[in-house]
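Here is a short report to read beside the sequence and the 3D view. Keep both open as you go.

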Amino acid sequence: MAIVDTASGFRITLTSRFRAGNKTAIAAMGVLVLLLLLGLVVPLVAGSSNVAQQYPSLLSPSLRHPFGTDHYGRDVFLRCMAGARVDILLGLAVAASALVLGSLIGSVSATFGGATDAVIMRLTDVFLAFPGVVLALVIAASLGKDPWYAAIAVVIAFIPLLVRLTRSKALEVRAADYIAAARLSGARPRQIAFQHVLPNSFKYPFVQSTLVASWAILDFAALSFLGVGVQPPHAEWGAMIADGVGDNLLGAWWPSFFPGLMILLTAAAFQVIGDWLDRRLQ
Amino acid sequence: MELVLADIEVVYGSRARRNHAVRGVTLHVRRGETLAVVGESGSGKTTIAKVAAGLQRATSGTISWRPSGEDRAEAGTGQRVQMVFQHPVQSLDPSWRIRRSIAEPLRHLGVGEEEADRRAREIVAQVGLAEEILDRYPRQVSGGQAQRVAIARAVVSDPEVVILDEPTASLDQTVRGRILALLADLQKRTGVGYLMITHDISSVRRLATHIAVMYRGLVVESGPAAAVLADPVHPYTQALISAVPIADPRVPWDGVIDLPRDADGFLVITSCPVPGPCAEHGPGLHEIGPHHHAACTAADSPQKAGTP
């Protein structure tokens, strides 16, 4: 542990753990940015070759095919990169949508209270009674086989979590002494809501949304694995694992291993960033 | 101006299970004076503070301002009531720098940014803090510093009355004395009136000019601080004052206050010579000395309540 005196005389306590956390978070951001860039650039350069069945099937990883080929003779690396664009952008989109809608509904629930709060909370309880992925599967299956429907299903599955979190934090903040002090200082309800309650209660669902991004990728992969997400021949990590499971029996581990590794890396990166944001915003 | 709380009642709960937190309490807080409301937890003192601040509605009673001899020509320009809370760090917005928190009351009064900043710098100097503290966040200051910041925010808009809700309860002993000295100094300079909520009799001795003792939502004794502390009449006041350890090595003290309590956790008044008649609502306050009132039927008798 070190204590640093800044020019203003203010002492900052730095712990080795905090510095290590910063480095890990930077590495996690680097992984995400790299995967996203590759996901955007590689398919542009390679065109539609990630869906083209142009190589011998089940070639093991080599310099020419770093992740090998699948049983349809498609390059697994190219498909992983195409899947990166879909999964990372989808994870971010789901997290952002669930954050905005969940925070909005949670804030309305906390602000209005009474019957509005009771109705919203009971509906939330109903949704939370089901495991997220099962709920998303039911919604996606009832909407139809389309990646957009799967994405909507995952958003709906995560909204109740963020509604609950936003509501509980908003209620906690509203009861805080600094809100009473603001009222005594002459702040109007709208000023209290936007200058005190929102900034102090929003950071918790914001941190949670980074974790939602990682869970959304896992759920979306699960939906694709079960056949209600991205449809063949388009690349998506969950669907690629589903495709490659049978190849394991033939001793070809790479068609399912590399998309699994991509999911692991991306989900872990979002989790690390979430932990880092949590520490920073505390 | 004088803040007058008249016949305040606060009732919680439904009709079937009503809980009278405050029962017919009347208090006067004058400029330049400190009224200390003392009593144990649950006596209704924090509720009365919230009602006085306008943070809670009274079930009945009135809150008004009455002209007094100490009025200033510019009275009424700022927020009339401000509050200093028990937990200073929690009373400051964690996402705001201290500069912004102190200037907030001024901004809501329409004071410009530059002027608000100048007054914020001026007030932190008055409460004994360095100007650098303005750029810190609440988590970056100590409890004592945070309480000074909270006091600065409370007085920056020049209020008539500041409510001090257990202002030293969360501070260590060495800081307490300095905060009380600061409050006394600010009162001397600005003439602000304090409504101090506390169960700390030693703070009362240092700051209070008047005392109101609350027991189960009622004021059972009130009067000038010197008279109430030197000659407490109501058995409850006597019990409260006797529970304070005496800083004298010759007086034995084992550090344990073991007074009997009822099922609700309230102190049981065992020393009352006429138990029974005031069990429910009490006999009401009546004058027993100059400005000294007590709700005790035995107070007028030749043998005062609680005296052997």
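## Basis

This is a predicted model: local features need pLDDT of at least 70, side-chain atom pairs count only at pLDDT 80 or more, and totals for chains, interfaces and linings use all residues. Residues are numbered from 1 along each chain as its sequence is written, while chains are lettered from A and ligands numbered from 1 in the order in which they are written.

## Where chain A meets chain B

The interface brings 17 residues of chain A into contact with 23 residues of chain B. Contact means that the C-beta atoms of two residues, placed from the backbone, lie within 7 Å. On the chain A side, helix H6 (177–184) and helix H7 (189–225) each supply at least two residues. H6(A) gives the most, with 7 residues. Helices (H or I, at least four residues) and strands (E, at least two) are DSSP runs, numbered from the N terminus.

By class, the side of chain A that touches chain B has 9 nonpolar, 6 polar and 2 charged residues. Here Ala, Val, Leu, Ile, Met, Phe, Trp, Tyr, Cys and Pro count as nonpolar, Asp, Glu, Lys and Arg as charged, and the others, Gly among them, as polar.

## Ser103(A)

Ser103(A) sits in helix H2 (residues 76–112) of chain A. Ser103(A) is buried because 25 other C-beta atoms lie within 10 Å. The cut-offs are 20 or more such atoms for buried, 12 or fewer for exposed, and partly exposed in between, with C-beta atoms placed from the backbone.

Leaving out residues up to four places away in sequence, Ser103(A) touches Leu162(A), Thr166(A), Phe202(A) and Pro205(A). Met240(A) is 137 residues from Ser103(A) along the chain, and their C-alpha atoms are separated by 34 Å.

## Chain B and strand S9

Chain B has 8 helices and 11 strands. Of its 308 residues, 45% are buried. Among chain B contacts with a separation of 6 or more, 68% join residues 24 or more positions apart.

In strand S9 (residues 218–224) of chain B, 6 of the 7 residues are buried, so S9(B) is largely enclosed by the rest of the structure. Strand S8 (residues 210–215) of chain B runs antiparallel to S9(B), joined by 6 bridges. Two strands pair if DSSP finds at least two bridges between them. The hairpin of S8(B) and S9(B) has 2 residues between the strands, and Arg216(B) takes a positive phi near 55° there.

S9(B) also pairs with strand S11 (residues 292–294) of chain B, antiparallel, over 2 bridges. Glu221(B) has Val213(B) as a bridge partner, and Ala294(B) in S11(B) as another.
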